[in-house]
Amino acid sequence: MAETLYTATVTSTGGGRDGHAASPAGDFALDVRPPKELGGSGNAANPELLFSAAWSTCFNGALQLIMKNEGVDVAKFQPSVTAETSLNRDPSGVGFRLSGKITVEFENQDELANAAELVAKAHEFCPYSKAVRGEFDAEAVLG
């Protein structure tokens, strides 16, 4: 097991995809609703939206660190990172699976010769990108 640097805790109550999520510290709290595409109201966040927010922000931070380490002027080539997370039926016919895509655009992108290389390095470095590749130590326990 890796050395733990930080742990975020959020508790889901209510109907899961149609409920509430909050942290014990009170710094995160929101209602969760299924999207209209899944028969819900669509008037609040959903797990895929939350994952996309987390992945895009983490990836952006990783990318900017890679850029700085490579001597790239982050202010001149400010990145914008978009994450898409899709809920799919599992091909086995049992349950669901997630899939996703990260899209990066840089300011002055046509002047950044190593843009694709920077994105690839960030994808190798970002812990969320690692998790979606299966590098995630997960467990489910009864409390």
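This is a predicted model: local features need pLDDT of at least 70, side-chain atom pairs count only at pLDDT 80 or more; totals for chains, interfaces and linings use all residues.

Colleague: Where does Ser-23 lie?

Modeller: In the loop between β2 (18-22) and β3 (29-32). Strands here are DSSP runs of E, at least two residues, and helices are runs of H or I, at least four, numbered from the N terminus.

Colleague: What makes the link between the side chains of Ser-23 and Asp-27 a polar contact?

Modeller: The distance is 2.5 Å. The definition asks for a pair of N or O atoms within 3.5 Å; within protein, one must be able to donate a hydrogen and the other to accept it, and residues adjacent in sequence count only if both atoms are side-chain atoms. Ser-23 also touches Thr-9, Val-10 and Phe-28, leaving aside its neighbours within four places in sequence; contact means heavy atoms within 4.5 Å.

Colleague: How many aromatic pairs does a search of the whole structure find?

Modeller: It finds 2.

Colleague: Why is the pair of Phe-51 and Tyr-128 called edge-to-face?

Modeller: Rings of Phe, Tyr and Trp (its six-membered ring) pair if their centres lie within 6.5 Å; planes under 30 degrees apart count as stacked, over 60 as edge-to-face and the rest as tilted. The centres of Phe-51 and Tyr-128 are 5.7 Å apart and their planes are at 65 degrees, so edge-to-face is the label. This pair links distant parts of the chain: Phe-51 sits in helix α1 (residues 47-69) and Tyr-128 in helix α3 (residues 127-132), 77 residues apart. Together with Trp-55, Phe-51 and Tyr-128 make one aromatic cluster.

Colleague: What makes Phe-51 partly exposed?

Modeller: Its relative accessibility is 24%, so Phe-51 counts as partly exposed. Tyr-128, at 32%, also counts as partly exposed.

Colleague: And what share of the protein chain counts as buried?

Modeller: Of its 143 residues, 26%. The chain holds 3 helices and 5 strands, in the order β-β-β-α-β-β-α-α from the N terminus on.

Methods. Residues are numbered from 1 along each chain as its sequence is written. Side-chain values use heavy atoms; hydrogens and water are left out. Buried means under 20% relative accessible area, exposed over 50%, partly exposed in between (1.4 Å probe, protein chains only).
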